[in-house]
Amino acid sequence: VKATWKGKVIAESSATVQEDGHHYFPADSVNWDFLKKSGTTSVCGVKGKACYYTINVNGEENPDAAWCYENPKDEVLQVKGRIGFWNGVDVS
């Protein structure tokens, strides 16, 4: 499974975990050169607190287009430390 934006592969793995219709990529499968922690957080009643990342490709930014549950609730520990993508990022 690949996550791409603006023609660049942001993450690629055969070991993603699917939860709520999203693929969660292992952290070591992400090209961190394209991601920067944004400071945005949100709280999901099911998964817990998420932190977000802005994707930057050739100077173009996609704010908060990636997220991670660093300490999810027990029911979804399988997504712990994994990265999900949305907001125009193609995951296929």
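Let me start with the surroundings of Lys-47, where, once neighbours within four places in sequence are left aside, the residue is in contact with Glu-19, Asp-20, Tyr-24, Tyr-69, Pro-72, Lys-73 and Val-76. Please keep in mind that what we are looking at is a predicted model. In the chain, Lys-47 sits in the loop that runs between strand S5, residues 35–44, and strand S6, residues 48–57. Is this lysine buried or exposed? Its relative accessible area is 6%, and because the cut-off for burial is under 20%, Lys-47 counts as buried.

Let me now step back to the chain as a whole, which has nine strands and zero helices, so that, read along the sequence, the pattern is β-β-β-β-β-β-β-β-β. The radius of gyration is 12 Å, close to the 12 Å that the globule rule gives for 92 residues, and the chain is therefore as compact as a globular protein of that length. Along its principal axes, the C-alpha trace spans about 40 × 30 × 20 Å.

As for packing, 42% of the 92 residues count as buried, and, if we take the contacts between residues at least 6 apart in sequence, 42% of these contacts join residues at least 24 apart.

Note on methods:
Residues numbered from 1 in each chain as written. Predicted model: local features only at pLDDT ≥ 70, side-chain atom pairs only at ≥ 80, totals over all residues. Heavy atoms only, no water. Helix = DSSP H or I, 4+ residues; strand = E, 2+ residues; numbered from the N terminus. Rg over C-alpha atoms; globule rule 2.2 N^0.38 Å. Buried < 20%, exposed > 50% of the residue type's maximum accessible area, 1.4 Å probe, protein only. Contact = heavy atoms within 4.5 Å.
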